[in-house]
Amino acid sequence: MFPPLLILFILCNTIHLSTCHSHSPPPPPPLHCNETCGELSIPFPFFLSNSSCSASPSTAAAFRLTCSNSTALFLTINADRYRVLQFFPEGVLVDFPASTCRQYYNLNAFPFAGNRYFGISEENVVGLYDCDDSSLCKPGCETIDYPGCDGDSNGSPACCYPLSDRSSWDLGDGFSVFSNFGCRGFTCWVVPRGAGVGKRGVKLEWALLGNSSNRLCASDADTVNATTVQGGLRCVCRDGFVGDGYAGGGGCLKTCVKDGREARGGDCLTRRRSRKMVSILAGILGPIFVVATLTALFCLLKRRTNGGTYEPNKNKLQNTLSFRKPWTTRSFTYRELEEATNCFDDGQKLTDATSSGAIYAGLLADGSPVAVHKVECRNQQDLSQVLSRIEVLSAVFHRNMARIIGCCIDCGYTPLVVYEFPGNGTVEEHLRRREAGGLDWYQRLSIAAETASVLAFLQQEVSPPIFHHNLRSGCLFLDDCHSVRVAGFRLHIGSDIGGGIVHRSDVYEFGLLLLEMVAGTKSRELPAAAMQRSGKVEEIVDPNLYYHEQTAFRREQIEAVADLATRCWLFGREGKIGIAEVAKELVHIAKESGDGGSRRGPALEETFSNSSLLQMISMSPDSIYVH
């Protein structure tokens, strides 16, 4: 009886030792020349004045930096020195030229307006002082927290104006334009859309000249147009690659997912010999494993009949777990989760019960907010699928996926899955709000793009692919910056549902979700209403979006998203449109301007700055700004 098990144990451990590799974090994309000043790493095309790491002789003067006392980094433009506070993939945050800390500066204190390499970014929000004409003040930006030059929070200025509004300021203008409104002072912050806190300073967009004879982008990168620098270009790595994208910089590294973790460069190369060896060993060990498993199962069943007290459901669960690899998630007791959810009170429900189960908001004893998914299983097969899905999902990491932190198996055929919960409610809750504070169009477009990107990542970049099967607005959690966390995956698929139909249902359900984003509500009649009102989208648009008050460009965006939603639910189940195609189209909607020109949509600029779905898991949440 035991020799097969012993042989299996020895051989499996031998395979594991021969095929495992280090799970150390993947190396970061190579920097230009690995130059640093203080805590700042200097990316391409910037370089220190005492080095030879310049982009090209023609651009050397524009991007030369000076490191003072090995701590402070300065950029010189038109004889004015600006201290560098932070680098972005497409810009740089600089301080005011004056070294003294002031609440407001003279409108001429920041004389720069733009040149061939730099422009003032639209992401800046200006605080204005002592203005004669208050019509330029925008109430929408007063909800942001704006820190002072000493780092302390000063709340919101009496009058603020986001440059992205462009009604009183336009591309190419300097800050002195606000003197036309009788303003006598100003200060500035960069505020990524959707963020609740600004960063003090002025963000400058940078770009390289497009008429250079030298190759600008690496072989695995594409060229994009700058927004505020006329004729300027930048490079972004293509899907499946990460890096700065420049031929003279770090270039692009291949990225992939192996064993549930991100890998880069040479680690993504297929090791054919190892795969062949594993295939051979699998063919030899397969029959042995089957015999050993059946033998062990027979012994366990026989041991049960001779035991004393027997709990059927719990023992079945433990047997299911005994044939899996070691459990890596936290094990909760039913009492812990019952107390966390106030005995699963209806007032705690985030989603109503469906075939996939209800989800409840909860608070653990240590104060951690969680979401508890109460999954209903009909039989042992469903239960095995649930445990298998939990194991798979726990091994995948993505900034827009709600992390599974544990589960409870004390409840027979009703396992409880515990997700992290950002605490800012669900998309469904925000869409139902009819008072101030609901989701604006920027936020809805960002949420849609983030959701599409994580679904595309799970289906295109993870092997075997992972499908959601239960997509709805109640399963999309939001953090304080309105960035999405996808949860509520359907954890078991009934045998009465065709696998192909279920796989394609993600696109269909995403189409319904997009319609809900546009309409602000969901109902069974909504798709039919959208079809009947084709060409008259304004009749179904959420009144909170103030469709008729939007610019022509924003109205075209809303109409394009409504059209995409219609195609998703019409053709999604037939497999005529895929989620990766949908994600790319959402990016295109955000980038394409009303006049047909190229416009980097502020809602998605950082999220898709490297045109790579894998980039979404290689960045920390603080380095990706969702507008």
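The link of Cys-37 and Cys-67 is right-handed, with 85° about the S-S bond, and a disulfide here is a pair of cysteine sulfur atoms within 2.5 Å. This is a predicted model, in which local features need pLDDT of at least 70 and side-chain atom pairs count only at pLDDT 80 or more, while totals for chains, interfaces and linings use all residues. Residues are numbered from 1 along each chain as its sequence is written, and side-chain values use heavy atoms, with hydrogens and water left out.

**Disulfides**

- The structure holds five disulfides, among them the one that joins Cys-37 to Cys-67 with an S to S distance of 2.1 Å.
- Because Cys-37 lies in strand 1 (residues 36-37) and Cys-67 in strand 4 (residues 64-68), this pair ties together parts that are 30 residues apart in sequence; strands (E, at least two residues) and helices (H or I, at least four) are DSSP runs, numbered from the N terminus.
- Cys-137 and Cys-159 also form a disulfide, with their sulfur atoms 1.9 Å apart, and the torsion about their S-S bond is about -100°, so this disulfide is left-handed.
- Another disulfide joins Cys-237 to Cys-252, S to S 2.1 Å, and it is left-handed because the torsion about the S-S bond is about -95°.
- Cys-237 lies in strand 16 (residues 232-237) and Cys-252 in the loop between strand 17 (241-242) and strand 18 (253-258), so the pair ties together parts that are 15 residues apart in sequence.

**Burial of the cysteines**

- Cys-37 counts as buried at 2% relative accessibility, where buried means under 20% relative accessible area, exposed over 50%, and partly exposed in between (1.4 Å probe, protein chains only).
- Cys-137 is buried at 18%, and Cys-159 is buried at 6%.
- Cys-237 is buried at 1%, and Cys-252 is buried at 15%.

**Nonpolar cores**

- The largest nonpolar core has 71 residues, of which Tyr-419, Phe-477, Phe-489, Phe-510, Val-582 and Leu-586 touch the most other members; such a core is a set of buried Ala, Val, Leu, Ile, Met, Phe, Trp, Tyr and Cys residues joined through side-chain atoms within 4.5 Å.
- Helix 7 (residues 441-460) supplies the largest share of this core, ten residues.
- A second, separate core of 53 residues includes Leu-40, Ile-77, Val-94 and Cys-183.
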